[in-house]
Amino acid sequence: MAQAKRCYGLLVKDKVEVVVPLKNVSVSAQLKGSLVGLLSTFSYKNETSDPLEVLFRFPVDESWAVVGLEAVIDGRRIRAEVKEKQEAKDMYDDALASGLTAALGEEKSGDIFSLALGNLPPQADAELQLIMVSELPLEAGSEAVRFSLPSVLKQRYTPAGSSDPLQPVSSSAPSQQVKQSSAPAVNQFQLIVKEKERVSSVTSPTHTVEVMEKEQGIEVTSGGPLDTDLVVLVTYKDPHQPWAVVEEGVEGSNSLMASTAVMVDFFPKFKVTQ
């Protein structure tokens, strides 16, 4: 018997082919050098007359890392905290042993991020904010940093046969395509390019975008919903000069996010001889 196709988004646990309707998607991003932080906000609604036990499943490209997730389910706020895998598992077990409600999420094979979120009451709203970071590539044949954003959540592949939202994705297991839902396009988009004094140009080969210089940086916005994939190219005045980017640790955090991180961008220019 053929297995049901898996979906992404806000799903009903044990019936992961059932998708809670997605009502709106907005994306905001900040770019500094070649590092980008992305905040995606997804709005859902349980339009049924029954409570639904839901989980969130999201496809993640291998070049991106999930660093945070916050959900508001019928007014109840759930905040995920990034920790080392074993530490997170120990805290989850301790919470359950104490009679508390807990959620444990995992990113499987750099491909599918899943998080069980509990019950969504009838006619209730849910809003999820997913935070990811990535190092952007250079545009082929140019010195511009390339930022790309799909107009809808991308398709992915995931193994068939289990309703477990955290089932490992095995490269040897039979896989099937994650089906496209009737998700709307990204309705609002904003990109802030930091350290504007170093920026030479900001353009898009795919869309007509609004580019405005503001106090916090150069702001790039779309004129409306994105029904096709968006590409933004950022060229710096001196792209071959090394550039250090510092990310301050989260004060009061006892996780890996507490540590300050430093990254050096180095784009050498070689003299070509015939």
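Visitor: Which residue forms a salt bridge with Glu139?

Guide: Arg146 does, with the closest N and O atoms 2.8 Å apart. This is a predicted model, so the value is computed from predicted coordinates.

Visitor: Is Arg146 buried, exposed or partly exposed?

Guide: Arg146 counts as partly exposed, at 29% relative accessibility.

Visitor: How many salt bridges are there in the whole structure?

Guide: A search of the whole structure finds seven. One of them joins the side chains of Glu47 and Lys23, at 2.4 Å from N to O.

Visitor: Where do Glu47 and Lys23 sit?

Guide: Glu47 is in the loop between β4 (35-45) and β5 (52-59), and Lys23 is in strand β3, residues 22-32. The two are 24 residues apart, and the pair links distant parts of the chain.

Visitor: And how accessible are Glu47 and Lys23?

Guide: Glu47 is partly exposed at 43% relative accessibility. Lys23 is partly exposed too, with a relative accessible area of 42%.

Visitor: What does Lys196 form a salt bridge with?

Guide: Its partner is Glu213, and the closest N and O atoms are 3.9 Å apart. Lys196 lies in the loop between β14 (188-193) and β15 (199-203), while Glu213 belongs to strand β16 (residues 209-214), so the pair ties together parts that are 17 residues apart in sequence.

Visitor: Buried or exposed, that Glu213?

Guide: Glu213 counts as exposed, at 64% relative accessibility. Lys196 is partly exposed, with a relative accessible area of 27%.

Visitor: What is the strand order in the open sheet?

Guide: The order is β7-β6-β10-β4-β3-β14-β17-β16, eight strands with mixed pairing. The edge strands are β7 (76-80) and β16, each of which pairs on one side only. From one strand to the next, the twist averages 15°.

Visitor: How do β14 and β17 pair?

Guide: They are antiparallel, over four bridges. Within that pairing, Gln190 stands opposite Thr221 in β17.

Visitor: Staying with β17, where is Ser222?

Guide: Ser222 is in β17, which covers residues 217-222. Ser222 has a relative accessible area of 16%, under the 20% cut-off, so the residue is buried.

Visitor: What lies 3.0 Å from a polar atom of the Ser222 side chain?

Guide: The backbone oxygen of Gly224. Further off in sequence, Phe189 is 33 residues from Ser222 along the chain, yet their C-alpha atoms are separated by 5.8 Å.

Visitor: Phe189 again. Which residues touch the most other members of the largest nonpolar core?

Guide: Phe189 is one of them, along with Leu10, Tyr44, Phe56, Leu117, Leu130 and Phe147. That core has 51 residues.

Visitor: What is Leu130 in contact with?

Guide: Leaving aside neighbours within four places in sequence, the contacts of Leu130 include Leu38, Leu39, Phe42, Phe56, Phe58, Val66, Leu69 and Phe113. Ser40 and Gly68 are also in contact with Leu130.

Visitor: Which way do the side chains of β10 point?

Guide: They alternate along the strand, residues 125-135. Ala126, Leu128, Leu130, Met132 and Ser134 point to one face and are buried.

Visitor: How many bridges join β10 to β4, and how many to β6?

Guide: Eleven bridges join β4 to β10, running antiparallel, and Lys45 stands opposite Asp125 in β10. Strand β6 (residues 64-73) also runs antiparallel to β10, with nine bridges. There, the bridge partner of Ile73 in β10 is Ala126.

Visitor: Last one: Thr41, buried or exposed?

Guide: Buried, with a relative accessible area of 11%. Thr41 is in strand β4. Setting aside neighbours within four places in sequence, Thr41 is in contact with Asn24, Val25 and Ser26, and also with Glu127, Leu128 and Gln129.

How values were computed
Residues numbered from 1 in each chain as written. Predicted model: local features only at pLDDT ≥ 70, side-chain atom pairs only at ≥ 80, totals over all residues. Heavy atoms only, no water. Buried < 20%, exposed > 50% of the residue type's maximum accessible area, 1.4 Å probe, protein only. Polar contact = N/O pair within 3.5 Å; in protein donor to acceptor, adjacent residues only side chain to side chain. Salt bridge = Lys/Arg side-chain N within 4 Å of Asp/Glu carboxyl O. Pairing = 2+ DSSP bridges. Axes fitted to C-alpha atoms, helices over the stretch in contact; angles between N-to-C directions. Contact = heavy atoms within 4.5 Å. Core = buried A, V, L, I, M, F, W, Y, C linked by side-chain atoms within 4.5 Å.
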